[in-house]
Structures are given as structure tokens and as C-alpha cells.
Amino acid sequence: MKVVLGVGGGIAAYKAAELARALMDQGARVQVVMTASARQFIQPLTFAALTGNKVITGLFSSQSPEDVLASSVEHIRVAQENEVLVVAPATADLMAKFTHGLADDFLTTLYLAFQGKVILAPAMNTAMWEHPATRDNVERLAARGNFILPPEEGLLACGTTGAGRLPDPQRIADAVVTLAHPRKDLDSETILVTAGPTQEAIDPVRFISNKSSGKMGYSLAHAAAARGARAILVSGPTNLPDPYGVEMIRVRDAREMRDAVMGKLKDATIIIKSAAVADYFVLNQSTQKIKKTSARLSLELDPTPDILAEVGRNKGDRLLIGFAAETQNLLEEGRRKMNTKNCDMVVANLVNQEGIGFESDRNKVTLVMSTGEVVSLPEAAKHDIAHQILDHAMRLRLAIFSKA
Ligand code: CTP
């Protein structure tokens, strides 16, 4: 995907650097265009280093006759070469100019020449955001087909609290990918994904958990939504922002996760259980913080409900995909889990390897299918792996249906 990132002049301009990075992590090629006031907040060099592309800062960057000629049509070239224009932060001034078609710098000129998808992420002080002039402009831009990603509520740089904060860059990147994704092949699916660890409380401040970051499951839910599916994500505690366009259900422990999954099961056509659910919970959980003494302390653990197995018993004609996080015997364990839990596919990965798996942005997985097929995917970014798992899931379902 080819994206132009327009950076406006606001305090949130520094977050645009993280946005450029997040877009590139999702496989986008990013061309940055900065306004003159954006350059007061952040240096073009930062974006050039991050994207590996020259940053465009003005309509006429050179005085030589050839260069003047080339730069006079550069906004047309950039408009034609890119599929998405995302402006973050979109200031009140930029949105006013876009609304009225003013074209006094590169970004506003590009806006007029651009025929692809336009996504605006406004950020400003609450009073400016709520001013009738801004409200009018936002309404007119939205009516024109520009997509407005509304600012979030929170503490603003000016010291006040209210609406006006730029959303998390990861969430903006997710929205860009979802809104501009060319494939909508999953638009008749409801994909229920679980992600993250669970936390099994010992007392009000302590818990038993594991190293799962949730990234694989979040990537799956995001990829499903981007391809047109209704995506429902049941997530244990993670540090990740809610993926754009995904229905979120946040839970804490295995029993809550079980209830959330079983509650949504009837809606789902595909269930993907990537969560690293704790196998035990603490039976003698304390309602008060446990005080240190010199005596030995024993925790009594009871098995948590096996959600995958329960879904397997009740799945009907839904496609069920389990995960197997292993430290050895990958294929045997994958096959065993597929058979005992009635899965159609198990995504097996080794979690004791440097740089992939738990906590990492990359993964290397082997897909074990109920048809007997085994596919080892090459190591790749988790968002890439997510799309490949969905591709194989659709292919597998066709194979199962045509055999039935
Ligand atoms: N799982 C589940 N409920 C549990 C435990 C695991 O739904 N209480 C699911 C996970 O979401 C994953 C799959 O089961 O899809 C395998 O998880 P894993 O921890 O690898 O396997 P276990 O069944 O716990 O088996 P083992 O401990 O023998 O490896």
C-alpha cells in the first residue's frame, strides 16, 4: 500500500513519526509531506530516516529552472502514485483550507489533486475542536467522503482535559489499513478471536500469568476486519490499543474469557483461539493482600475451563482454529491438540526461540490441518502471518465443505 502522510503543525506532530513507523510495519510505503508549521515541531530528518524517503516540505524546493519545472508538477505525481492520503495531526487550519479548496502549500495543493482515499486525524485544543467553524468544516469534509478519525478525550498539551487528543498512532495505522484494504473477501464472516494472556488472581494485587503480548491475536482480528469481516476480539490484559473496526471484549481471567467466548459463539462463523489461557486458577484466592510472614505459603490450584475443548464440542459447522505454543515436539503436539479438541486447524509455534513468538512482532508458525495437510509458513511479521492464516482458513473450509 502506498501512503502519503501529511503532517500538520500541532504538538501531536511528534506522534506522526510513530505513525509513519506503524504504517511501515504493516507493509506500507510512506511518503511524508510536512507543512511549514509542522517543521517547527519536528525535523524532516526524523521522517526521512524512518521512511527511507525524501520528505516533501514545500512547493518549490529549488531555484534551478529544471527543478522548478519538476517541482511544479510534483504534487500531481505524488497524488497519482499513492492510494491513501492520511493527515495527522489535521489542524483546524488545514481542515479549513481543505474545506474551501485553498492551495497555498504542498499539502493543500496535493489534497486538491488527490483522488484516492483521504483520512483525516484531527488533533487540537477542545475549544477549537468544538468551535462551530471547525464543526462545519468537519461535517463538510465527511460529506465529501473524507474519513474523519475523531480525536480522543484526555489531558491535552495545553493543560486542559477534553476531546482533541490524537488517537494512538497504532490505531490510526490500523484504520488506514482497514479503510484502504483492497480485499474485502471476508465480508460474510464473523470471526471471533481470543488473544493475550489471562491473569489468575492470587490476591487483589498479585496474579499468575504468562508472557503472551496478544500481538498475534490482535493482528488476526485487525486483518479480519480489514478484509470486511465482523471481527470480535476477546482479549486478556494487554498493553495494546483496541484495533480499529474490531468489537472488543476485555476480560481478566480464564473463566471470564470462557463466558465471553461462549456468549458470542452463536454469532461466529470462524473461531480463532490464539489466547494463552492459564491452565490453573488459584482456589484459595485471598480477598485481602497477603502479608509476608516467615511461614511457607501454598497456593492451591484448580484447572481452568478448557475453552478450546468446550468450543470444539459445540462448534457445529463453524471453523475452529486453535493455537499450540510449544517448546518441543511441535508437530506431534499440534496434531494431538487438533484431535483432542476437535479443531479444524492448529497453528503451532515454538515459543523458546529468540526474536519470534511471545512478545515479538514476528512469528514462525506451522499450520496443522484436519485434512492431514501441514504447511510451514516462513518467518514473517505477525500481520503478514495473520493474513496467511486467514487465507488458509478459507481454503480449508472450502476443502472440508466440498468433501462433506
Ligand atoms: N486453551 C483454552 N483454554 C485453556 C487452555 C488453553 O482454550 N484453559 C486453548 C488456547 O487458546 C490454545 C490451545 O488451547 O488455542 C492450546 O493452548 P496450550 O496452552 O498450548 O495447550 P494446553 O491445552 O494448555 O495443553 P498443554 O498444557 O498440554 O500444552
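Start with the second largest pocket, whose lining residues divide into 6 nonpolar, 5 polar and 6 charged. Here Ala, Val, Leu, Ile, Met, Phe, Trp, Tyr, Cys and Pro count as nonpolar, Asp, Glu, Lys and Arg as charged, and the others, Gly among them, as polar. The model is predicted: local features need pLDDT of at least 70, side-chain atom pairs count only at pLDDT 80 or more, and totals for chains, interfaces and linings use all residues. Residues are numbered from 1 along each chain as its sequence is written, and side-chain values use heavy atoms, without hydrogens and water.

This second largest pocket has a volume of about 500 Å³. A pocket is an open set of points on a 1 Å grid over the protein atoms alone, where a 1.4 Å probe fits, with protein on both sides within 12 Å along at least five of seven lines; lining residues have an atom within 4 Å of a point. A volume is the space filled by probe spheres set on the points, which are joined across faces, edges and corners.

Now select Gln-26, Gln-170, Lys-215, Ser-219 and Asp-361, the closest to the centre among the 17 lining residues. Next, colour helix 11, which gives the most to this lining, with 4 residues. Helices are DSSP runs (H or I, at least four residues), numbered from the N terminus.

Then show domain 1 (2-179) and domain 2 (184-283 + 299-403): both give residues to the lining, so the second largest pocket lies between them. These bounds come from an automatic or database domain assignment.

Finally, move to the largest pocket, of about 780 Å³. Select Ala-275, Ala-276, Val-277, Phe-323 and Ala-325, the closest to its centre of 35 lining residues.

Note on methods: Helices (H or I, at least four residues) and strands (E, at least two) are DSSP runs, numbered from the N terminus.
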